[in-house]
Amino acid sequence: MDFNTERARILVVDDEPANLKVMREVLGDQYRLSFAKSGDAALALVAKELPKLILLDIMMPNMSGFEVCQRLKENPQTQHIPIIFVTALADESDEFKGFEIGAVDYITKPISPAIVRARVKTHLSLVQAEQLKQAHVDLVHRLGCAAEYKDTDTGEHIARMSKYSKILALAYGMDEQHAELLRQAAPMHDVGKIGIPDAILLKPGKLTSEEFEHMKEHAQIGAKILANSSSPLLQLAHVLAMEHHEKWDGSGYPKALKGEEISIEGRIVAIADVFDALTSKRPYKQAWSVEEAFAHMREQAGKHFDPQLVALFEGQLDAILEVYSLYQN
């Protein structure tokens, strides 16, 4: 992945050669430029190599810039590419339409070289920031998979339980942004299992009391691994690692927190984690049916789990079953 915006490739699309020449003079010393004189030619170039950004004229024969933008935004492979319209159209309705179909900015002709350079630099910086964010989220997910790899079904567990967590968070009334952050952080809840010996982690039978005490240490190990980060994602993951075995009645570990002393995120992930553990095959047990798992959750409402969240979770049965069937062992 190329994070160097100084030599990022930019596609410039305009049916007037004079306008392409101007853009070459304005941007050619800082970026790798590709040029297209029509919408079809632009789409062909994008199919060969994805640019970091597209400067797109609107008024072109055969295929307008609006149509090109729409085609690119409909394609999962190209929908992330930022598009800046560069046009002589100054009507507010045209500008609104451009933003509505997915453009990130709008530059009017005749262009100001300084404005073009500034807008391009700004949007390439945003691309870089988004790529770094996605790499960050991907790394968190992969570390979660590493922790689960020896213990369960190598990734399906964290895929399911993280999606269950988001479903329940939204049902509780959490906003989409924070619910998504919870989904992203949930895979790290068991990262502390990295510090638990295989003889305990993979034991097919019941753990002795001494082994169980050792197993319980994974919550604090995980919290220690994730501590003191400035990242909101890792800060939340730290909370989940520490709290996902706390119980509503105060009988959990490692801090014996009770009721709302446990964060709402910790209470949500506890339900998602246990539900998925019950409905999954493990070295020491067969998978329970969904009905058996829900019966257990109801029986444990007010003991292990927040009773309000148990009722909300069961109310999302259709969404839960969809995830359950999608990510099978």
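Tutor: Start with what counts as a helix: a DSSP run of H or I with at least four residues, numbered from the N terminus. Keep in mind that this is a predicted model.

Student: In which helix does Pro232 lie?

Tutor: Pro232 lies in helix α11.

Student: Is Pro232 buried or exposed?

Tutor: Exposed means over 50% relative accessible area. Pro232 has 53% relative accessibility, so it counts as exposed. Look also at Ala185. It is 47 residues from Pro232 in sequence, yet the two C-alpha atoms are 9.3 Å apart in space.

Student: How are two packed helices described?

Tutor: By the angle between their axes and the distance between the axes. Take α11 and α12. Their axes come within 9 Å and cross at roughly 60°. The crossing is right-handed.

Student: Which residues make that contact?

Tutor: From α11, Leu236, Leu240 and Glu243; from α12, Glu265, Gly266 and Val269. By class, three are nonpolar, one is polar and two are charged.

Student: At what angle do α12 and α13 cross?

Tutor: Roughly 140°. Helix α12 spans residues 264-278, helix α13 spans residues 290-300, and their axes come within 9 Å. Roughly antiparallel needs an angle over 145 degrees. So α12 is oblique to α13. This crossing is right-handed.

Student: What residues form the contact there, and of what class?

Tutor: Helix α12 brings Ile271, Val274, Phe275 and Leu278. Helix α13 brings Val290, Ala293, Phe294, His296 and Met297. Eight of these residues are nonpolar, one is polar and none is charged.

Student: Now the core. Which residues have the most contacts inside the largest nonpolar core?

Tutor: Ile268, Ile271, Phe275, Met297 and Phe313, in a core of 40 residues. Several helices supply at least two residues each, among them α5 (113-148), α6 (156-172), α13 and α14 (307-314). Helix α12 gives the most, with eight residues.

Student: What does Phe275 contact, leaving aside its neighbours within four places in sequence?

Tutor: Phe275 is in contact with Tyr164, Val290, Ala293, Phe294, Met297, Phe313 and Ile320.

Student: How many residues are in the second core?

Tutor: There are 21, and this core is separate. Its members include Ala42, Ile54, Leu56 and Leu72.

How values were computed: Residues numbered from 1 in each chain as written. Predicted model: local features only at pLDDT ≥ 70, side-chain atom pairs only at ≥ 80, totals over all residues. Heavy atoms only, no water. Axes fitted to C-alpha atoms, helices over the stretch in contact; angles between N-to-C directions. Parallel < 35°, antiparallel > 145°, perpendicular 65-115°, else oblique. Left-handed = near helix turned anticlockwise from the far one by under 90°. Contact = heavy atoms within 4.5 Å. Nonpolar A, V, L, I, M, F, W, Y, C, P; charged D, E, K, R; others polar. Core = buried A, V, L, I, M, F, W, Y, C linked by side-chain atoms within 4.5 Å. Buried < 20%, exposed > 50% of the residue type's maximum accessible area, 1.4 Å probe, protein only.
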